[in-house]
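Here are a few notes to read alongside the model, for someone meeting it for the first time. Keep the 3D view open as you go.

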Amino acid sequence: MNKSIKSAVLRSRSIDHQLDEAREKRTKEIQLLILGSAGSGKSTFTKQLRIIYGDGFPSEERSKQRSSVIDNVCDALTVIIAYMKAAAIPFENPENVEIADNIVKEAKQRMKLSSPSHLDHGCTLTALPASSNNVKANIKAALSLWKDVGIQEAYKQKTEYNISHSDLYFLNKFDGITSVDYIPTVQDILYIRKPTLGIQEHVFSVDGLDYRVVDVAGQKSQRKKWIHFFEGVTAVIYFASLSSYSEQMEEEPTMNALTDSLQLFEEITNNVFLKNTNFILFLNKKDVLAERLKTRDFKKWFPNYTGELTADGVIKFLRSEFINKKPANQMVYPHATCATDINMMKSVISDVMQIIIDINLRKSQQF
């Protein structure tokens, strides 16, 4: 064998070795991109991943989330206060008028600090002021409001206005949450609502595979930035809130929230940079959907629906609506879920992980 042929063989072997290493690395690294509208359950899903594959939120960390729970309680009270004003329901205790005004002002300030526009001007998640210093004051204010006959009357009429499932969850645990020795449970952690600001990355390993999960802010003004994360994605996990059929978008009050989610899914699945990417579709909050259907006629918002007003019927309809938005050759794996249900999500996530492993194996073989 002459020198030039020998050199060519060595180069070929070196290239083969590099390709083998790259293929092996690609096989062991899985990148998941989580997309969907704000409030659809994306962050709750990443918490479930931590419960199943991580440290499960130890007591010390959960205790630090007490202030977030109290903030959520105060946010829930602002929704009730707004309804009281609209329905002309007075406070029994005149002193609660000023307390309510202060609660509302603080809630608006938190919303402003967590808004995409504030983030764009240089504020990061860690830069947000902690509310732990105000926990005692907020608890005292919340207790005073919660005991008021006016608040209780408005709360009884909760089906007349939009109050989130997480708000109701914490209000139903009000006495325990406001006790001196309260430490949030793992279930409480799942219900905490805190908007994703910017990009949150979560890394974990399972059975020799490394997962990098990227959760991107779902507010409409932030979606133009999603394209920067499309490259190298193993699969996209898309979240849609089933119960949002009767809700309007916060950023665009004239737009139905579920219609926006459908349009967004169509846009993302038809994106040229994701044409070879598989999607896992989470039709989330099916438990909230079942409750909401008892008081809000689905056909009012989706008049083209002709089936029975049951959760199963509506889910089947919406699954078809989403699937019909994708290109014919796009693979989509739909799941109807309740992201706050720990036992259900263990089973769902186990199934999803197997799908992702299969997708990753196919991709690595194409490399």
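This is a predicted model: local features need pLDDT of at least 70, side-chain atom pairs count only at pLDDT 80 or more; totals for chains, interfaces and linings use all residues.

1. Zooming out, S2 and S3 (residues 209–216) run antiparallel and are joined by eight bridges.

2. Now step along to Glu 201, which also sits in S2, the strand covering residues 199–206. Its side chain makes a polar contact with the side chain of Arg 212, at 2.8 Å. If you skip neighbours within four places in sequence, Glu 201 touches Arg 212, Val 213 and Val 214. Glu 201 is partly exposed, at 46% relative accessible area.

3. How do the strands line up in the sheet? The order is S2-S3-S1-S4-S5-S6, an open sheet of six strands with mixed pairing. S2 and S6 (332–336) are the edges, each pairing on one side only. From one strand to the next, the twist averages 20°.

4. Helices pack on this sheet too. H2 (residues 42–53) lies across S1, S2, S3, S4 and S5, at about 155° to S3. H15 (residues 311–323) touches S4, S5 and S6, and its direction makes about 150° with that of S5.

5. Last, a helix pair. The axes of H4 (residues 66–86) and H9 (residues 165–172) come within 9 Å and cross at roughly 110°, so the two helices are roughly perpendicular. Residues making the contact include Val 73 and Leu 77 of H4 and Phe 170 of H9. By class, the contact has eight nonpolar, one polar and one charged residues.

Conventions:
Residues are numbered from 1 along each chain as its sequence is written. Side-chain values use heavy atoms; hydrogens and water are left out. Axes are lines fitted to C-alpha atoms, for helices over the stretch in contact, and angles run from 0 to 180 degrees between N-to-C directions. Helices (H or I, at least four residues) and strands (E, at least two) are DSSP runs, numbered from the N terminus. Angles under 35 degrees count as roughly parallel, over 145 as roughly antiparallel, 65 to 115 as roughly perpendicular and the rest as oblique. Contact means heavy atoms within 4.5 Å. Ala, Val, Leu, Ile, Met, Phe, Trp, Tyr, Cys and Pro count as nonpolar, Asp, Glu, Lys and Arg as charged, and the others, Gly among them, as polar. Buried means under 20% relative accessible area, exposed over 50%, partly exposed in between (1.4 Å probe, protein chains only). A polar contact is a pair of N or O atoms within 3.5 Å; within protein, one must be able to donate a hydrogen and the other to accept it, and residues adjacent in sequence count only if both atoms are side-chain atoms. Two strands pair if DSSP finds at least two bridges between them.
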